[in-house]
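Reader: I would like to go through the labels used for this model and hear what each one rests on.

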Amino acid sequence: QTLPSFLVLDSAGESSPALPVDSGPHLVYLFRSDCPACAAQNPEWQRLAHYAHSRGVRVVAYTPERVNASILAYFQSAPVAVAGFADPAGAGDALGLRVVPTTLLVDRSRRVMVHEEGVLAPSRLTSIRERISSIED
């Protein structure tokens, strides 16, 4: 499956395409700041984000919420670029988003290598780390 094109908004409200083709592999987190499951997974996901970043994988998080200081602070010191969906319903439909949190691992040609919905079990986190290790940028 190839990730469809959609627009995201930064904290200044500027729009840009999400994950441009040939921009490298990406670890993508789809979340809401008011989601209890997202909050429960956040510390472990931040560790995954640090690992992905150390392997040259770009890390992004997208939310249907307006990106503000509290949304940016959600990831504390993790190397995560945060943006909001320009069209939350359209982006959600395009991504087949049914539940948050959702974690995607996308290669440089926008092919979805991993699509995990809900809180990640330890075995799934290990599997995602292994997939990240196998990516060649």
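**Labels and their cut-offs**

Author: Arginine 124 has a relative accessibility of 30% and counts as partly exposed. The model is predicted, so local features need pLDDT of at least 70 and side-chain atom pairs count only at pLDDT 80 or more, while totals for chains, interfaces and linings use all residues. Residues are numbered from 1 along each chain as its sequence is written, and side-chain values use heavy atoms, with hydrogens and water left out.

Reader: What makes the contact of glutamate 116 with arginine 124 a salt bridge?

Author: The term requires a side-chain nitrogen of Lys or Arg within 4 Å of a carboxyl oxygen of Asp or Glu. Between glutamate 116 and arginine 124 the N to O distance is 2.5 Å, so the pair qualifies. Glutamate 116, at 16% relative accessibility, counts as buried.

Reader: How many salt bridges does a search of the whole structure find?

Author: Six salt bridges are found. Salt bridges that share partners join Glu44, Arg47 and Arg129 into one network. Another salt bridge joins the side chains of arginine 32 and aspartate 34, at 2.9 Å from N to O.

Reader: Which parts does the salt bridge of glutamate 117 with arginine 98 tie together?

Author: The closest N and O atoms of glutamate 117 and arginine 98 are 2.9 Å apart. Glutamate 117 lies in strand β7 (residues 112–117) and arginine 98 in the loop between α3 (88–95) and β6 (102–106), so the pair ties together parts that are 19 residues apart in sequence. Helices (H or I, at least four residues) and strands (E, at least two) are DSSP runs, numbered from the N terminus.

Reader: Why do the labels of glutamate 117 and arginine 98 read as they do?

Author: Glutamate 117 has a relative accessible area of 27% and is therefore partly exposed. Arginine 98 stands at 69%, so it counts as exposed.

Reader: How do you know that strand β4 and β5 pair?

Author: Pairing needs at least two bridges found by DSSP between two strands. Strand β4 (residues 58–63) and β5 have four bridges, in the parallel sense, so they pair. Threonine 63 has glycine 84 in β5 as its bridge partner.

Reader: How many bridges join strand β1 to β5?

Author: Two bridges join β1 (residues 7–9) to β5, and these strands run antiparallel. Leucine 9 stands opposite glycine 84 in β5. Four of the five residues of β5 (residues 81–85) are buried.

Definitions and conventions: Buried means under 20% relative accessible area, exposed over 50%, partly exposed in between (1.4 Å probe, protein chains only).
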